[in-house]
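Me: I'm new to this one. Can you walk me through it?
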Amino acid sequence: MSYIKKPVVRHPSLKLNQLGLTVRDYEGAMSTLCAGCGHDSITAGIVRAFFELDTPPHMVAKLSGIGCSSKTPAYFLSGAHGFNSAHGRMAAIATGAAAANRKLSYIGVSGDGDSLSIGLGHMAHAIRRNVKMLYIIENNGVYGLTKGQFSASADMGSKSKRGEANAQAPIDPVMLALSLGATFVARSFSGDKTQLVPILKAALLHDGFALVDVISPCVTFNDHEGSTKSYMHTRKNQVPIVETDFIPPAAEITADYAEGTVARVRAHDGSVIRLRKVGADYDPSDRTRVVSFLRDSQASGEIVTGLLFIDSGGTEMHRNAKTVTTPLVDLPFEELCPGSAALEKLQTSYR
Amino acid sequence: MQAIFRMGIPVSGKNLFPSNIQGLPTWYEVRVNLRGHTARTSEYDLMVAMNAETYARDVREVRPGGYVLYDSTWPLDPALMRDDVTFLGVPYARLCNESFTEARERTLMKNIAYVGTLAALFDIDMDIVSGMLKEKFARKPALMESNAKAIQLGHRYALEHFECPLPFRLESMDATKDSILIDGNTATALGCVYAGATVAAWYPITPSTSVLDAFKGFCEAYRVDKATGEKRYCILQAEDELGAIGMVIGAAWNGARAFTSTSGPGISLMSELIGLAYYAEVPAVIIDVQRVGPSTGMPTRTQQGDIMMCAYASHGDTKHVVLFPSNPRECFEFAVKAFDLAERLQTPVFLLSDLDIGMNDWVVPRLQWDDGYKPHRGRVLSKEELLALPKFHRYSPEDELGVAARTLPGVHEKGAFFTRGSGHNKLGGYTEIPDEYQEVMDRLLRKHRAARTIVPEAVIERRAGATFGVVTLGGCDPAVREALDVLEERGIRGNFLRVRAFPFGDEVEAFLAEHDTLFVVEQNRDAQLRSLLVMETQVAKEKVRSVLAYGGFPLQANQVIEGIVARLGAGASVNGTAPHTNGHAHAHTHGAHDAHDARQEPHGDEGGMP
Ligand SMILES: Cc1ncc(C[n+]2csc(CCOP(=O)(O)OP(=O)(O)O)c2C)c(N)n1
Ligand code: SF4
C-alpha cells in the first residue's frame, strides 16, 4: 500500500466548516487504486461527510480489513488514527476499540470479500452487538486485490472478466443485516454522491451499528459487459427510493421542507434525518415491510438504494452492557484496582 | 481438604474428571504430607470406593498396607478382596435410610457421611468441620442440620467400629497460617482486576472458562457503581477466538488494558492476529490454560503442550514473551506483570497456565498487593509531549528496550498514524525496500532479547555436591522438588531451576553452562521446553535429556525419579521405591503423613459438603 503525501494547498476560496477546516483537511494520502475505481468515489464521499459534520479529524478512528477497499482509510482523514488490520477481522477489532473508548467516532471500511466471506461472522456479531460505528462495504462482487475471483456478493450468472459465469447465489448484506436486527441499513452507489454523502452523515450519527452497502464497480476486474456490478449495469438498474437529507440539530429550525412529503426520523442525539419519499409510501421504520419490498425489487432486478431501514430506538452495545459513560480508557487506575485492604478481606474467603 | 488446610497442614487436592457434564465417575485426590510435598502421587493410602463401576480398579490401586473405605450395606464382591489392604465397611446406605426420610436427601447425605468417617479415621478436628458447615450453610439452617447429622453418622460409626485414628493420621500444624487455598484461574482473574484490565474478550473453552467467570464476579464486586449500576469494565463474549483476539487488539490499540483467556485450540485460531499485533506492536495479554489434544482432545486433562506454539505463535518471524506461572500465587502476580510487559514492550504477552494449576485448589502463601503499584503503561505520548516534538514517528526513536513511543487514537492529529501489517520502515512509512524492512525486524528482535532483563527470573536452588541440573517449568514444580528431595536421600544430588519466562534470562544460560548433565522435566511428548532451550540458548544439545510425562494427569515425583535414575545409568539406581515411603518414616514421630483418598462422586451434587 504505497501512498504519496498530497501537497497541502489551501485555496483561499475553499469553504470552511464550523471548526474552521476546509474539505482538504479531511483528505488523506494520494490513492493508489486503479484510476476510476469506485472505491475512490466513496473515499471522496467520506471526506465530504466528515467535513460537513464538523468532526474533528483526530476524534475519528478508521479501521479496515484487507482488500483494495480496505486500503482506502489511508486516503481520507490523515489526522485520524487508522488500523488496516487483517482480512475479515475489522469488525472484531472495531468492537474492541469501541469497547475501550466510546467517545471516538468509528468508521470501518471493508469489501464484499472481507465482509461476506472471511469476515462474515465478525460482521454479523458486530451487528448483533449493535456496536456504534459506520460500517461500509465497498461492494464490487469480486476480490479486487487478489485479481478478480468472484466474491460472495457476485450475482448468479454474473460473468467474470474471463467469461466464467458465477453459479452460486449471492449473499445480500442488506437482507442479511435486516434479518440480524441491524438498526441502520442503507445502500448506495459509488457514482451517486448526492445520495451517498447524506447517507454517510446519517450513518455516522446513528447511535448504533450503521451498515452502508455501497455498490462500487471494480474497473479492472468487474466492469465489463455481463457483470452485474459494473457502472453501466448499476446506473441502469438502480432505483433510488429515498432521497436522504440529513439535518443536524442546529439547522433543524431553519430547514425548509414541506410536511407531507417528508418522513422524519429522530436520531438518538436529537438530530433529525429527513427522508424524502420518492416511492409512494416507503416506510423505513417497518422492518417486515422493508424486507418484503426489497425482496420484490430484487426479484424484478432492481437495486434499491437509499436509507432502507432505521430504528433509532435500538440499544447500542455500551448502553446494553451498562458501561460507564466515561470511556474505559479514561478511568483512573484508582477506580479500577480494589487495593490491598480489599485483597486482604477477600482472602478470608479462601481460608 | 479445606478442613485439613485449616488444621494448618499443607495439602493438595486434584480433581480428576472426565470430559462430560454428568454421569461418568470422577475422582478427587487429596494429598497430605508432613514435609509439604503436595504433588500428585498415585500411592494411595486410603481409597474411598464410592462407585460400584470402578470398585475393581480402585481397590487394585491402593498401596499394600493401605485401606479401602466402602459402603457395606451390600456385601463386597469377594473377588475384589485383597489380603494386603484393610477393608473398612460402613453401611452408609442403611444408616442414611434410617435417619433421613426423603429419597434425594438419603442419596446426598450418604456422600456427606463419608466425611464424618474420614474425620474419625484421620483425627480431623471436628470443630473445624462444624465451623465450615456453619459458614457454608449460614443461610440454610435445614441443610446445615442434615449435613451435620450425616457427618455425625459416619463419624460415630467409625469410632464405634474401627480403631481410630489410623496409624497415619492428621495432627494440627502451623504451616498454613499465612496461606490461602485457591485455584489458578481465580487468582489469574484477580490479577487482571488488580492490573486494571477493563476489556476482556473471550470464547468459552475448558479449562479457561473459569478465568472469565471469576473476572466477571470480581468486577461485579469491585467495579460496579453502587448508585448508578454502571460498570467500569466491558466483557465481550466473542463469536470465536479470532474475534476475541481482535477485540483485545482493538481495545489495546485504543489504550485499554485488555486480555483474552483461552486454551490451545483458541491460540491456533488467534495466531494470525497475534502476528499482526507483534509486527504492528500492539500490546495484548493472552492467557492460555493448557489442556490435552486437538479439537476435543482430553479437555479435562492437563498438559504443557502449547509452549512452542505460544513462543512462536503466527506466521513469519515472530517471537513472543511467555510467562510460566507454577501455582495460583504466581498466576496472580504474573497476570499483573503480563500487562506491564505487554504495554512496556508493546507486544503480545502470554500467560501460560494449565488445567492442573488453573482448576485445582492449591495452598499458596497469601497474595500481596502493594498500594504503591503504578501500572507500567509503557511509552505513550500525551498531547503535550506530542506537541513538544518537532514531528512524531510511530516506530522511532527507540529506547534501551528497543521500544518506540506510541500515541492513542483521539489524542491529537499530530500523533495520528496508520497501524498495519504491510511493511513499514522505521519511521512508520510504507515500505517494500529490503533494508528498511529488515531494519525494523532487527529492532523487534532486539526488543525481544531485551525483554529477558525485565521478565520474572528463573528460580534456582542448589544442593551441595550436585552432579546434574534439572530444568523445569510451571506446575511441574512440586513434583520435581519432591523428586530431588527423595533422590538426595538416596545420595543423588541435583540442582534445580524453574524457568518462569521466555525469553530466557542470563541466569538460565549460566545454569545450563554450569552443568554437564541436564534434565528437562515437562509435560508433553515432544520436549518443547528442551527444544526451546536448545534453540534459544548456547547449551549443547547432547547434554540435555528429557523427562516427559504427557498422559494428562498432574506430574508425580516418582515419574521424575524414575526418569532421572534411568538416564543416569545403572550406577545411580538405588533401591527404595516411591517417594511416599519416606513420609512413613516420619509419620509416627510427627503425626502427619501422606493420606490420599479418591472419592467418586457425580458432578454437581448440590447441598453436599466436600
Ligand atoms: C487470511 C488471508 N487470506 C487471504 C488473503 C488474500 N486476500 C487479500 S484481499 C482478498 C480479497 C479482497 O476482496 P474484497 O474484500 O472484496 O476487497 P476488494 O479488493 O474487492 O476491494 C484476499 C482473498 C489475506 N490477505 N489474508
Ligand atoms: S482492482 Fe478493482 S477494486 Fe482494486 S483498485 Fe483496481 S478497480 Fe479498484
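This is a predicted model: local features need pLDDT of at least 70, side-chain atom pairs count only at pLDDT 80 or more; totals for chains, interfaces and linings use all residues.

Me: OK, ligand 1. Which residues come nearest?
Reply: C68(A), S69(A), G113(A), D114(A) and G144(A), out of 18 residues around ligand 1.

Me: Why is the site shared between chains?
Reply: Because the residues that surround ligand 1 come from chains A and B.

Me: Which side chain has an N or O atom 2.9 Å from an oxygen atom of ligand 1?
Reply: That of H39(A). The side chain of N140(A) also has an N or O atom 3.1 Å from an oxygen atom of ligand 1. L145(A) uses a backbone N or O atom, 3.0 Å from a ligand 1 oxygen.

Me: Switching to ligand 2. Which residues are around it?
Reply: Among them are L33(A), C34(A), C37(A), H39(A), C68(A) and N140(A).

Me: New topic: helices 4 and 6 of chain B. At what angle do they pack?
Reply: About 50 degrees, with their axes 6 Å apart. That angle makes helix 4 of chain B oblique to helix 6 of chain B.

Me: Is the crossing left-handed or right-handed?
Reply: Right-handed. Helix 4 of chain B makes the contact with residues including M109(B), I112(B) and G116(B). From helix 6 of chain B come A150(B), G154(B) and H155(B), among others.

Me: What classes do the contact residues fall into?
Reply: Ten are nonpolar, six polar and one charged in this contact of helix 4 with helix 6 of chain B.

How values were computed: Residues are numbered from 1 along each chain as its sequence is written. Chains are lettered from A and ligands numbered from 1 in the order in which they are written. Side-chain values use heavy atoms; hydrogens and water are left out. A residue is near a molecule or strand if one of its heavy atoms lies within 4 Å of it. Axes are lines fitted to C-alpha atoms, for helices over the stretch in contact, and angles run from 0 to 180 degrees between N-to-C directions. Helices (H or I, at least four residues) and strands (E, at least two) are DSSP runs, numbered from the N terminus. Angles under 35 degrees count as roughly parallel, over 145 as roughly antiparallel, 65 to 115 as roughly perpendicular and the rest as oblique. A crossing is left-handed if the near helix is turned anticlockwise from the far one by less than a right angle, and right-handed if clockwise. Contact means heavy atoms within 4.5 Å. Ala, Val, Leu, Ile, Met, Phe, Trp, Tyr, Cys and Pro count as nonpolar, Asp, Glu, Lys and Arg as charged, and the others, Gly among them, as polar. A polar contact is a pair of N or O atoms within 3.5 Å; within protein, one must be able to donate a hydrogen and the other to accept it, and residues adjacent in sequence count only if both atoms are side-chain atoms.
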